[in-house]
Amino acid sequence: MTDRLYHIIEEIRTKMLNLSKHLNDERLKYISLKEENVRLEEELLAVRDQERQLTALNSQLTSEIVEAKSQVVEVPVSLVKKEQEIDELVNEIEYCISQLKK
């Protein structure tokens, strides 16, 4: 019976060591996951901060675009046509002057 008792004690000791090792492994996993969670939370905060900055910049640029569009003055077609006619007249006058110089 002593051998049997010794064998049972050894089995219990082996199981206890295995459980202890498994417990330590799980604790290490827990610590690792906890550190990763902290890192990911910090990363999330940084991304949210960047999102806020980009949203503010987007709003600013949108309002600048609206303001710029409101300041755009459209040139009437008749004014463009008059400028073309003036250019043609200038060219004709230059041609005439060059002919007179000859």
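A salt bridge is defined here as a side-chain nitrogen of Lys or Arg within 4 Å of a carboxyl oxygen of Asp or Glu. The model is predicted: local features need pLDDT of at least 70, side-chain atom pairs count only at pLDDT 80 or more, and totals for chains, interfaces and linings use all residues. Residues are numbered from 1 along each chain as its sequence is written, and side-chain values use heavy atoms, with hydrogens and water left out.

The protein contains two helices and zero strands; both kinds of element are DSSP runs numbered from the N terminus (helices: H or I, at least four residues; strands: E, at least two). Its radius of gyration is 43 Å, well over the 13 Å that the globule rule gives for 102 residues, so the protein is more spread out than a compact globule. The radius is taken over C-alpha atoms, and the rule is 2.2 Å times the number of residues to the power 0.38. Along the principal axes, the C-alpha atoms fill a box of roughly 140 × 35 × 20 Å.

Buried residues make up 0% of the 102 residues. Buried means under 20% relative accessible area, exposed over 50%, and partly exposed in between (1.4 Å probe, protein chains only).

Side chains of opposite charge can pair when their charged atoms come close. The whole structure holds five salt bridges. One of them joins Glu-10 to Arg-13, with the closest N and O atoms 2.7 Å apart. The two residues are three apart in helix α1, so about one helical turn separates them. Glu-10 is partly exposed at 25% relative accessible area, and Arg-13 is partly exposed at 43%.

Lys-21 and Asp-25 form another bridge, at 3.2 Å from N to O. Both lie in helix α1, four residues apart, about one turn of the helix. Asp-25 is partly exposed, at 31%. Lys-29 pairs with Glu-26, their closest N and O atoms being 3.5 Å apart. Three residues separate this pair in helix α1, again about one helical turn. Glu-26 is partly exposed, at 34%.

Leu-28, Tyr-30 and Ile-31 make a nonpolar surface patch of about 340 Å². Patch residues have over 30% relative accessible area and no salt bridge; nonpolar side chains (Val, Leu, Ile, Met, Phe, Trp, Tyr) are joined within 5 Å, like charges within 9 Å. Tyr-30 belongs to helix α1 (residues 2–71). Tyr-30 is exposed, with a relative accessible area of 53%.

Definitions and conventions. Areas by Shrake-Rupley, 256 points an atom, 1.4 Å probe, with all protein chains shown as cover.
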